[in-house]
Amino acid sequence: MSKKKVEHVHKYLLIKVGSYTKPERWEVYKCMLPGCNHYIPKPLALGRQCICWACGETFQIKKHRMLRKPTCGCRGKFKPVEFESTPLIDLLRG
Ligand SMILES: [Zn+2]
Ligand SMILES: [Zn+2]
């Protein structure tokens, strides 16, 4: 009975669940890996490990990453903000 399940990092997809009797819907993250029925309410996904939908890497879900298909931030990255590191004096020296 104590057969240990193989743990894996879930690949979450945000879905809405509800019923005809209850008009309100709530969002859950469901694992999309084959054979896995795991799902958790959206708020509980915060801080969990998840597989990135873009690159397949494991990452921790942050609040601003709680999209329908969570990604680690590898896609749609903004260019890193780099402050001008060259002092003006160097430019003047040529
Ligand atoms: Zn899973
Ligand atoms: Zn990624």
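## Starting at Cys-72

Helices (H or I, at least four residues) and strands (E, at least two) are DSSP runs, numbered from the N terminus. This is a predicted model, in which local features need pLDDT of at least 70, side-chain atom pairs count only at pLDDT 80 or more, and totals for chains, interfaces and linings use all residues. Residues are numbered from 1 along each chain as its sequence is written, while chains are lettered from A and ligands numbered from 1 in the order in which they are written.

Is Cys-72 buried, partly exposed or exposed? Cys-72 counts as partly exposed because 19 other C-beta atoms lie within 10 Å; a buried residue has 20 or more within that distance, an exposed one 12 or fewer, and a partly exposed one falls in between, with C-beta atoms placed from the backbone. Leaving aside residues up to four places away in sequence, Cys-72 touches Cys-52, Cys-55, Glu-57 and Phe-59. Such a contact means C-beta atoms, placed from the backbone, within 7 Å. Ala-54 is 18 residues from Cys-72 along the chain, and their C-alpha atoms are separated by 7.9 Å.

## The whole chain

Stepping back, the protein chain has two helices and five strands, and from the N terminus on the elements follow the pattern β-β-β-α-β-β-α. Of its 94 residues, 9% count as buried. Among contacts between residues at least 6 apart in sequence, 22% join residues at least 24 apart.

## A three-stranded sheet

Three strands form an open sheet in the order β1-β2-β3, with antiparallel pairing. Its edge strands, β1 (12-17) and β3 (39-41), each pair on one side only. Direction ignored, neighbouring strands of the sheet are turned by 30 degrees against each other on average, with axes fitted as lines to C-alpha atoms.

Strands pair if DSSP finds at least two bridges between them. Six bridges join β1 to β2 (residues 26-31), and Tyr-12 has Cys-31 in β2 as its bridge partner. Three bridges connect β2 and β3, also antiparallel, and there Tyr-29 stands opposite Ile-40 in β3.

## The nonpolar core

Which residues make up the largest nonpolar core? Its five members are Tyr-12, Tyr-29, Ala-45, Cys-50 and Ile-51. A nonpolar core is a set of buried Ala, Val, Leu, Ile, Met, Phe, Trp, Tyr and Cys residues joined through C-beta atoms within 7 Å.

Beyond residues up to four places away in sequence, Tyr-12 touches Tyr-29, Lys-30, Cys-31, Ala-45, Cys-50 and Pro-70.

Note on methods: Axes are lines fitted to C-alpha atoms, for helices over the stretch in contact, and angles run from 0 to 180 degrees between N-to-C directions. Two residues are in contact if their C-beta atoms, placed from the backbone, lie within 7 Å.
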